[in-house]
Number of protein chains: 4
Amino acid sequence: MHDNTVNKPGGRKLWVIPGGHIPLHTNGPEPEFTSRDTLSILNCCEQMVIIQITIFYAHREPAGPYFLTLAPKRACHTWFNDFIFPEALPLDTDYAAVVSADSPIIVQFSRQDTGSAANALAGSMAFYADE
Amino acid sequence: MHDNTVNKPGGRKLWVIPGGHIPLHTNGPEPEFTSRDTLSILNCCEQMVIIQITIFYAHREPAGPYFLTLAPKRACHTWFNDFIFPEALPLDTDYAAVVSADSPIIVQFSRQDTGSAANALAGSMAFYADE
Amino acid sequence: MHDNTVNKPGGRKLWVIPGGHIPLHTNGPEPEFTSRDTLSILNCCEQMVIIQITIFYAHREPAGPYFLTLAPKRACHTWFNDFIFPEALPLDTDYAAVVSADSPIIVQFSRQDTGSAANALAGSMAFYADE
Amino acid sequence: MHDNTVNKPGGRKLWVIPGGHIPLHTNGPEPEFTSRDTLSILNCCEQMVIIQITIFYAHREPAGPYFLTLAPKRACHTWFNDFIFPEALPLDTDYAAVVSADSPIIVQFSRQDTGSAANALAGSMAFYADE
C-alpha cells in the first residue's frame, strides 16, 4: 500500500540559521540544563555525509569551516557550544550559521536557555537555501 | 466568493523532524504537565490515511516503523512517549523522525518540557521532504 | 535601488496549523497572561480579504467555518479562544485549523501557556497548502 | 568533495513576519533579559544589502519604511524595540513586519518575554514571499 519512498526523504544540501546566540548563563545541573544552541541533523542517505558549518558574525570575518561527519541513517544533535576547532564560539554573541553538506540532509535548530532559573525553549526548522 | 479549495489543502506524504528528544523529568500533575514530544497530524483527505514513522538515532540502527491510522477529516496529536511497538522510545535520547503517509497529510512538531519546574514549550512545522 | 515589490509580498490562500490546543489553565492578570492559541495574519493586498477557518478534531466532525475579514494593509492577531460562532472551541482539546482566504495572506501561529505559573511560548509559521 | 556552493546560500529578497508583538513587561537585568522581538538577518552576498522594513498594524496605516544596512558576509540581530525612526514601535501592540532587501538575505524571527519573571522564548523562520 505504501510507496517505497519510506525512509528516503529528499533533504537539502544547504541550510541557514540566521538567529544564533548561545545564552550566557545556566541554572541547574549540567549537562541537562546547560544553556545551548543545538543543531539537529538527519542523514537518511545510504552514504556518510560530510558537513561544513560556517559561522557569520556582526562585526568580524566569518569563522570556520567546522566539520562534522554523520553516518548513513543516523541523526546527530550537536551543540554550537561544542564547536571548538578552528576556534570556540563566544557565548552571548549573535551569529548566523550556514550548514553545507555533500549529500542531502535535514536540519533543525533549537535553543535551551536556563539563564533565568526556569527553562526556556525555542525551535525552528532551518531555512534551506539550495539555489 | 470563495473558491472551493476550502478544507482541501494539498499536504505532503513525507515529513522529517530532525530534533527529537523526549525530556527526562516532569513536574506537575500528569498528563497535563508530562514532558513530551508531540506529533500533530491533520488528514484532510476523504479517505483514511496509514502513517509509518521511523525513528533514527545517533549510535544505533533505526527503529520502527511505528504505525498510525487517521480517519478522514480528523486531526491527531500523538506523543512520541507513547510509541511502544515495536519498541518504546528511550527518554533523554536524541532522535530524528521520518513520517511517511499513503495520502497527503500536514505535520507539526512540538515539545513540552516541565523538567525545570516551569513549563517550556517549543514548536515548529516539520520539513516536507517529498522528492 | 529597490525594486517596487516592497510591501507587496506574494502570500498564499490556504494555510494549515495541525497542532492546535488551547491551554486549560491561566496564571497572572488577564488578558496579558491569558493562556491562548493565536492566529496572526497579514493582508498586504489592496482589497479586503475574507477568511474562513475550519477546525478539525480527533473524534468528531469538523466545526466551522469561522469567518474573519481583514482590511487591506492590516494585520490581525486573533485568539482561537475567541472563536464563538458557530460554536466555541473547547479548551484543553487537540485540534487542527485550516485557514482559507479569497486573496493571498500570510499566517503565523503561536501559543502562550501560563498554566504552570511561568509563561511559556511557542510559535511557528503555518504550512501553506495551496495546490 | 564539496561543491563550491559553500557559504553561498540563495536567500530571498522579501520576507514576512505576521505575528509581531513586543512584550510590555521585563524582569531581570537589562539588556540580557529585556523583553523583545528580534529580527535576525544573514547577508551572505558579496555586496552590502539595503533592507527596508514596513510595519503593519490592526487599526492604523502602515509605518516605515525603517532602514537597515548589512555588510557582506555579516549577520545582524536587531530588536524591533530599537526601531525609532520614522517612529518608535509601540509596546504591547500587535503588528506584522515585511522585510524587503535589494539582495537575497535569510531572515529569522524570535521573541524573548520575561514579563512573568521566568524567561519565555519563541522563534520561527520568517515566511519568504518573493513572487
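Let's start with Arg74(A): its relative accessibility is 13%, so Arg74(A) counts as buried (buried means under 20% relative accessible area, exposed over 50%, and partly exposed in between, with a 1.4 Å probe and protein chains only). Before going on, a word on the ground rules. This is a predicted model, in which local features need pLDDT of at least 70 and side-chain atom pairs count only at pLDDT 80 or more, while totals for chains, interfaces and linings use all residues. Residues are numbered from 1 along each chain as its sequence is written, chains are lettered from A and ligands numbered from 1 in the order in which they are written, and side-chain values use heavy atoms, with hydrogens and water left out.

What does the side chain of Arg74(A) meet in a salt bridge? The partner is Glu61(B), at 2.9 Å from N to O (a salt bridge is a side-chain nitrogen of Lys or Arg within 4 Å of a carboxyl oxygen of Asp or Glu). The pair joins two chains, because Arg74(A) belongs to strand E5 (residues 74-79) of chain A, whereas Glu61(B) sits in the loop between strand E3 (49-57) and strand E4 (63-70) of chain B. Helices (H or I, at least four residues) and strands (E, at least two) are DSSP runs, numbered from the N terminus.

## Salt bridges within chain D

Side chains of opposite charge can pair when their charged atoms come close. Over all chains, the structure holds 16 salt bridges. One of them is formed by the side chains of Asp37(D) and Arg111(D), 2.7 Å from N to O. This pair links distant parts of the chain: Asp37(D) lies in strand E2 (residues 36-43) of chain D and Arg111(D) in strand E6 (residues 94-116), 74 residues apart. Asp37(D) is buried, with a relative accessible area of 0%, and Arg111(D) counts as buried at 14% relative accessibility.

Lys73(D) and Glu46(D) form another salt bridge, and their closest N and O atoms are 3.6 Å apart. Here too distant parts of the chain are linked, 27 residues apart: Lys73(D) is in the loop between strand E4 (63-70) and strand E5 (74-79) of chain D, and Glu46(D) in the loop between E2 and strand E3 (49-57). Are these two residues buried or exposed? Lys73(D) is partly exposed, with a relative accessible area of 21%, and Glu46(D) is exposed, with 54%.

## Aromatic pairs

A pair of aromatic rings is described by the distance of the centres and the angle of the planes. Rings of Phe, Tyr and Trp (its six-membered ring) pair if their centres lie within 6.5 Å; planes under 30 degrees apart count as stacked, over 60 as edge-to-face and the rest as tilted. By this rule, the count over all chains is 32 aromatic pairs. Phe80(A) and Phe83(A) form an edge-to-face pair, with 5.1 Å centre to centre and 70 degrees between the planes. Both Phe80(A) and Phe83(A) are buried.

Ring pairs also build a cluster that takes in four chains: Trp15(A), Phe127(A), Tyr128(A), Trp15(B), Phe127(B), Tyr128(B), Trp15(C), Phe127(C), Tyr128(C), Trp15(D), Phe127(D) and Tyr128(D) are linked in it.

## Chain A as a whole

How many helices and strands are there in chain A? The chain has 0 helices and 8 strands, and its elements run β-β-β-β-β-β-β-β from the N terminus on. Its radius of gyration is 16 Å, close to the 14 Å that the globule rule gives for 131 residues, so chain A is as compact as a globular protein of that length. The radius is taken over C-alpha atoms, and the globule rule is 2.2 Å times the number of residues to the power 0.38.

Along the principal axes, the C-alpha atoms of chain A fill a box of roughly 50 × 35 × 20 Å. Of its 131 residues, 63% count as buried. Among contacts in chain A (heavy atoms within 4.5 Å) between residues at least 6 apart in sequence, 71% join residues at least 24 apart. Chain A exposes about 4,900 Å², and carbon and sulfur atoms supply 54% of it; accessible areas come from the Shrake-Rupley method with a 1.4 Å probe, and for residues only the protein chains shown count as cover.

## Backbone details

Most residues other than glycine have a negative phi, and most peptide bonds are trans. Gly64(C) and Pro65(C) are joined by a cis peptide bond, with omega about 0 degrees, and Pro65(C) lies in strand E4 (residues 63-70) of chain C. In chain D, the bond from Gly64(D) to Pro65(D) is cis, with omega near 0 degrees, and Pro65(D) is found in strand E4.

Asp92(B) has a positive phi, near 55 degrees, and is found in the loop between strand E5 (74-79) and strand E6 (94-116) of chain B. At 37% relative accessibility, Asp92(B) counts as partly exposed. For Asp92(C), phi is near 55 degrees; this residue lies in the loop between strand E5 (74-79) and strand E6 (94-116) of chain C and is partly exposed, with a relative accessible area of 38%.
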